[in-house]
Amino acid sequence: MDNGSTETKGPSRTAMMAAAGRAAHLIVDRAPHLFQDTVAETLLGERAAELLSYHRESGDHPVLSGTRSQVSARSHYTEARLAAGDFEQYVILGAGLDTFAYRSPLAGQVAVFEVDHPATQAWKRELLAAAGIGDTAVEFVGVDFERDDLAAELTAHGFDPNRPTLVSWLGVTMYLTESAIAATLDTLSRLAPGTELVMEYALLPELRDESGRVFAEFALAATAGQGEPLLSFFSPESVTALLNSHGFTVADHVSQQTAVDAALWQRTDGLHPVDFCRLVRAHNPGRTRI
């Protein structure tokens, strides 16, 4: 989870926790793994030992196990969509410490644009340099979602609005106001026909399952205490209405349970799906170009 805002607080704690969750999944949880992020631990650098120790020592805690299932399932689903589609560009909104461009062979086949707050990106590039990880396979697009012109920033960095694109928007919308979400959707609605959006959203309290309610009890207080409170919650119906109002066609809503192959949830450890956040996959209408 990452809202991409480090302007006054320093490095995003939620970005670090998401990366630690992906890294810890390979260490704490048994095979079969939902997703394999082989770079996250290295990218975390000197913070890795501390952040991973929480998972090693208390991996069954609802926030820690729930984070591992959330970040692993959503990454699995989104990168599988990228591999299955005929996309020429991959835009990662609120990229945080996403590692796709530094580990996936697909990074050499599509143009990758990481969009996040400039301060977050500067911090990430310092981590990449310290880890000896090259960043030439990605364009860094600095944007404050509440204030900046996403379209202008993307095109200034070589993005072609006429080429089919997969847009990944994971772990972000819950940290934004609905007006900021709507403004971003308005920009995305003007991308080329064939563009697809995978967006994660937090469920309204009454729609969460028991695991989701327990996760929320701990997670909402923790993120607020770190200065990164959750601001927006939706039902699948309200997300569909919001996307439809910007011309998108919703293909499906995806829970953690259905984001990965069913066999991956046939586990011998305690990892299980948590219905706190869901993904929505929508097709772009290809309106007037940006």
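User: How many aromatic pairs does the structure hold?
Analyst: This is a predicted model, in which local features need pLDDT of at least 70, side-chain atom pairs count only at pLDDT 80 or more, and totals for chains, interfaces and linings use all residues. Residues are numbered from 1 along each chain as its sequence is written, and side-chain values use heavy atoms, with hydrogens and water left out. Rings of Phe, Tyr and Trp (its six-membered ring) pair if their centres lie within 6.5 Å, and planes under 30 degrees apart count as stacked, over 60 as edge-to-face and the rest as tilted. The number of aromatic pairs in the structure is 3.

User: Is the pair of tyrosine 90 and phenylalanine 100 stacked or edge-to-face?
Analyst: The ring centres of tyrosine 90 and phenylalanine 100 are 4.9 Å apart, and both residues are buried, a word that means under 20% relative accessible area, with exposed over 50% and partly exposed in between (1.4 Å probe, protein chains only). With 80 degrees between the planes, the pair of tyrosine 90 and phenylalanine 100 is edge-to-face.

User: Is phenylalanine 113 buried or exposed?
Analyst: The rings of phenylalanine 113 and phenylalanine 159 have their centres 5.5 Å apart and their planes at 80 degrees, so this pair is edge-to-face. Phenylalanine 159 has 4% relative accessibility and counts as buried. Phenylalanine 113 has a relative accessible area of 3%, so phenylalanine 113 is buried.

User: Which peptide bond is cis?
Analyst: The bond in question has omega near 5 degrees. Its second residue is proline 32, and the cis bond runs from alanine 31 to proline 32.
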